[in-house]
There are 4 protein chains.
Amino acid sequence: MADIGIGILGGGYMGKAHAVAMSSVGAVFNTALRPRLEMVCASSPESAERYRQSYGFARSTDSWRELVSDPKVEAVVIATPQETHREIALAAFALGKPVLCEKPLGASMEDGDAMVAAAEASGLTNMVGFNYIRTPASQHARQLIANGEIGDITWFRGEHTEDFYADPQAPATWRTSGMSNGTMGDLAPHMINAALALIGPIERVMAEVETVHKTRPGGEVDNDDHAQMMVRFANGAMGSMYFSRIATGRKMGYAYEISGTKGAIRFDQEDQNALWLYRMEGPESERGFRKILTGPAHPDYEPFCQGPGHGTGYQDQIIIEARDFLRAIETGKPVWPTFRDGHEVNRIVAAALASSADENWKNIEDF
Amino acid sequence: MADIGIGILGGGYMGKAHAVAMSSVGAVFNTALRPRLEMVCASSPESAERYRQSYGFARSTDSWRELVSDPKVEAVVIATPQETHREIALAAFALGKPVLCEKPLGASMEDGDAMVAAAEASGLTNMVGFNYIRTPASQHARQLIANGEIGDITWFRGEHTEDFYADPQAPATWRTSGMSNGTMGDLAPHMINAALALIGPIERVMAEVETVHKTRPGGEVDNDDHAQMMVRFANGAMGSMYFSRIATGRKMGYAYEISGTKGAIRFDQEDQNALWLYRMEGPESERGFRKILTGPAHPDYEPFCQGPGHGTGYQDQIIIEARDFLRAIETGKPVWPTFRDGHEVNRIVAAALASSADENWKNIEDF
Amino acid sequence: MADIGIGILGGGYMGKAHAVAMSSVGAVFNTALRPRLEMVCASSPESAERYRQSYGFARSTDSWRELVSDPKVEAVVIATPQETHREIALAAFALGKPVLCEKPLGASMEDGDAMVAAAEASGLTNMVGFNYIRTPASQHARQLIANGEIGDITWFRGEHTEDFYADPQAPATWRTSGMSNGTMGDLAPHMINAALALIGPIERVMAEVETVHKTRPGGEVDNDDHAQMMVRFANGAMGSMYFSRIATGRKMGYAYEISGTKGAIRFDQEDQNALWLYRMEGPESERGFRKILTGPAHPDYEPFCQGPGHGTGYQDQIIIEARDFLRAIETGKPVWPTFRDGHEVNRIVAAALASSADENWKNIEDF
Amino acid sequence: MADIGIGILGGGYMGKAHAVAMSSVGAVFNTALRPRLEMVCASSPESAERYRQSYGFARSTDSWRELVSDPKVEAVVIATPQETHREIALAAFALGKPVLCEKPLGASMEDGDAMVAAAEASGLTNMVGFNYIRTPASQHARQLIANGEIGDITWFRGEHTEDFYADPQAPATWRTSGMSNGTMGDLAPHMINAALALIGPIERVMAEVETVHKTRPGGEVDNDDHAQMMVRFANGAMGSMYFSRIATGRKMGYAYEISGTKGAIRFDQEDQNALWLYRMEGPESERGFRKILTGPAHPDYEPFCQGPGHGTGYQDQIIIEARDFLRAIETGKPVWPTFRDGHEVNRIVAAALASSADENWKNIEDF
């Protein structure tokens, strides 16, 4: 067992989630590498110091360069705004440090290209923070599908829906400005990543992206409120996805429904400890979707609790992610989703935006 | 109170449903017109006689012309295959008889044009059998939306999904032949009608229609297994619909989810006595989708039971439809959905098929 | 096929339900005996005539004796207040007429004794109106348990909960007066009957019966608002039941949960088309309660609809009951639940009231 | 901010949960006291050392006395078998160290008496580990009831049901021996504590406690498989509780349903992020149980995630508990549930066992 100095850039929503995860991942998973909260970086010395105290880091800074180049920082977690991802990641790789970068990978396709190139040239661990797919339920869904338990996939429906902007009077903020902060940029990547993980590569897309409330108190809105797309997977499955920040009543609607020739699967993150499975077997009179509660029989559940049905939560999926990141560093083996995997998601986002603009199907390979 | 002689064409699935409905609608709703089961028509004298005895008709025949022209038959219910709808309906109108015709209105756009023209020229009661929208829950949903209770509609998702052909080894039958028997022809019209009723006119559509299992034991399949479409409503709402006969695990997935600027509604026919309503009001800590069980406070429930939560069933929605048909005859006032309303649904189906064929958005007004 | 003249006593809630059922049961089930709505009786000539017209009876009367003795009335359905059941039933049996009597069997144990004796002496069809146990889902549950599918039963929890008196300001009416109109008298019998049907005989009971709101606008309340009991079944299973008319939010909480050594079953009438089944088999990772939607594979569903998941409603369970009554008359075979079966339920109610009074366990055989 | 040395006795199920909680509570809640994992004790030096490494403690021991008396151990968490609780707690208090003791408080009433006396004499922080009541949803339920939001309580139904011994062939282990390891000893206390917290003091109880499977592979069973009780609360509410380790299909059935004169609440730990609330207000047509997803608007949720509906898990409720323990130490204010509160639960367990033995109601004040 060895410890590893962690530097986290950003102390807000995701920065805190990673800090908490790094605090407990060792005890939960008995990891070979034990994180040491070395340094946190924020936009001002004051806020950085506040995060340091609150989360328990050894030191703080308002300079990302200082953090990245600090010799005691041995791995870097990027949880800053998308525009900053590229520069930081490239610097970290240049210094030989593994990087876990929050999604989306960068703020543009160019950012992504550069980040993938740097990551692969470095040979270092590189990972994108798609944490939702790491819940025990979604990991189990992946396995069931991969094992052919529900047969050939014929249909996929996914959504990532929330309602934090459902009220037309909710004021304009940084979230209502910039494509990477809109629904396609910020929410869609999670479910697109899930679609790729569960079903496989997407070949083409036909999308509609829309700003419903074009002005809000405090200003104009220049990014999208919701978006839908029809997709075709490489394996032939047909699919549909919907993303929204105005889905009234939905709080964490990261949800999917999958039909196969032998069964079906349903999942909704709002009840993240249940996976619904239907098998086309046995007498008709006893068929039905069964509600499987996650437990020690499912991936990565037992370290959190020996009792089934007791449930994992949002923070736990970040802990699972931290374990995967540490293990990749330890073993030197690539960890899904790599920067390349994350960039593939961005290509689909780019294709969707282009499709919406000229109202035509777009092949992903053209992006 | 007066009685009225009913003739029903077709004694199968829907023919029986209408026969049962006509038997009990008087007692349930205390209708001014009381149906008298006068004559049933089927494809052979033997089956017609069997239906007569079983359902309690006075007479039977294997000639639709005989039924329609019988002087004691004062109103006609058409529950035969789509190809026959046009001829029968036109004959009935020519003889001055009101017609309740099962969906879809005919087997082609030309059929529909002719049927609408004849119906409107006759001035007689004409109605299409979209019974699902008549459940107390869906009627209540319509009222809530019409009253602005969930604000301006921003998003509609509808589906009509079943799984009777989910098994690739299910044999080819009449259902796997002919576009009007496929998913777009047979299942989609119900939910398209619901979309029109709940949200309003549809302006354009972008669709994918697919035969997943092109051969089945016993033959080729020449109609569609499932289909999806993106739609835009005249009021600006964005929408998505999915229709399937291969939706493994789904038995009666006539379901919709609607987001508005003040609330949201969810419904699934598999639990037809529940309507889920979310209101963006009151403290955040108490907001949530509420599961409203249908009861005497909802449209057309009380005649079935004075107790809330006791529930109505499939047969009851046909009884409500029969009441509406009888009332229209009695009062001479048009009854929604008229043939014209049903034909509007067919136009959307036609536009969707065309869209799927050339992969472009289609304006409904062009069909 | 032959017809049979039906006389119904009472035109209110249950009288109407039976009238509608008798109108449609022939068409639904293709019964050998076809009901003819011969006569309806109500408390005044005016109300009787109103019911006659509304439900479609041939004649009306305000004299139960006239109805029972009318030669064209060949079978009698009693849907009048409990105090009247005994006199009417005895007269009907004396005239050789089969009787379907609403629950509870009478207003007292003495009534029940007399009614059982008369019924059995007559050799005529006698049946008590426990309709809820006749839904396809509950029939299926009975079969599963009887077939040992969930093993030996270890636990039963049942409830019949509604909230029509949850509001302390709801006024006193006939319902708040007389033990047979209270929760134990009026609601409990349905679930006690279900317990007997699903699990088997009850040996002893320990109960608490309570009037929570002792005065209401308009008067004193002299019967119970809610009641609970612990029970022991003859097969050794432990059980618990709860009955309430003040169960805020519950509309039709006829619900049960049953644990066995090989599986478990859950049901709630508020979603009467779903039966939840858990089987202790297969890998742990795939176990869960499955939601089985009723369909043609379940008892008595298909005559209502060929499609699974389309659902039956409250009225349909009365139609199933009518079919069973007619079949018993036709075949001369006893039909469960007979008067004796219904009286067994009353004995348990009596034991529960006695137990509550002196706070001790009571053996059912002593009542 | 100051750190505090934590010693944990026991490294199994609950020992690990506390170790993880102590690792992350500081980062999650920004606590004034920051736990330092000082020492872990287990039954052998080898297992203790294994726990030390795995969870990240500084030192390990197989001597509870060594841990308790170690000067760097400033607070003690007891997660060893019940028989050991008393001795350890008394020693800790004698040394002036605060104690968080897992439920049940001890292995007997005498243990409890002694532990309460020692705790109160010491004036030190003493707390019992009823963590389930600390979820955001259950905390919110407590507040709603305390604020009178659902009116006067008329009915409480609680259960703690699991199925780890549902299979009669599951072998005998330490769990099947000793009353404090049976259902009443081990599972019931959680829900009894919840009943007290939600509704208030219990006055009397009538119970049945049963060993269903008296022998299992490997030996005799001398404790209970399931138990039920009827209870009466001091505020007049009637109640029922059920506890089981043989509730087939139930994984974490810590669930309650509460009726009041103005509303109702339902909760089930198997979906721990949902609280169901019914309010008897507004039009009948819109009433229904609403499913409230926990979020920042609910107690102790936001530190785990800023997004509603993202969900907390089992581990998080232990973290909340740790925060409360640390805050009590810091402020010197008592923390619910104290040893006295935990002992009150044991008194109800004792009354229930006595009631079951002689089949009579028992007043809690006699125990």
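Select Gly148(A) to begin: this glycine is partly exposed, at a relative accessible area of 23% (buried is under 20%, exposed over 50% and partly exposed in between, with a 1.4 Å probe and protein chains only). The model is predicted, so local features need pLDDT of at least 70 and side-chain atom pairs pLDDT 80 or more, while totals for chains, interfaces and linings use all residues. Residues are numbered from 1 along each chain as its sequence is written, chains are lettered from A and ligands numbered from 1 in written order, and side-chain values use heavy atoms, without hydrogens and water.

Gly148(A) sits in the loop that joins helix H6 (136–146) to strand E7 (153–161) of chain A; helices (H or I, at least four residues) and strands (E, at least two) are DSSP runs numbered from the N terminus.

Next, select residues 13–29 of chain A, helix H1. Its 17 residues should span 24 Å, and the end C-alpha atoms are 23 Å apart, which agrees; the expected span is 1.5 Å times one less than the number of residues. H1(A) has a kink of about 35 degrees centred on Ser23(A), where the bend is the angle between axes fitted to the seven residues ending there and the seven starting there. Of the 17 residues of H1(A), 15 are buried, so the helix is largely enclosed by the rest of the structure. Just past H1(A), Asn30(A) has a positive phi of about 50 degrees.

The axes of H1(B) and H1(C) are 9 Å apart, at an angle of about 155 degrees (lines fitted to C-alpha atoms over the stretch in contact, with angles from 0 to 180 degrees between N-to-C directions). The two helices are therefore roughly antiparallel, a term for angles over 145 degrees. Residues in the contact include Ser23(B) and Ala27(B) from H1(B), and Ser23(C) and Ala27(C) from H1(C); contact means heavy atoms within 4.5 Å.

In chain C, select H5 (residues 109–122) and H9 (residues 339–358), whose axes come within 9 Å and cross at roughly 165 degrees. That makes H5(C) roughly antiparallel to H9(C). Among the residues that meet are Met109(C) and Val116(C) in H5(C), and Phe339(C) and His343(C) in H9(C).

Finish on H5 of chain D. Its buried residues include Met109(D), Met115(D) and Val116(D), and their cover includes helix H4 (82–94) and helix H9 (339–358) of chain D. After H5(D) comes Gly123(D), with a positive phi near 70 degrees.

Terms used:
Parallel < 35°, antiparallel > 145°, perpendicular 65-115°, else oblique.
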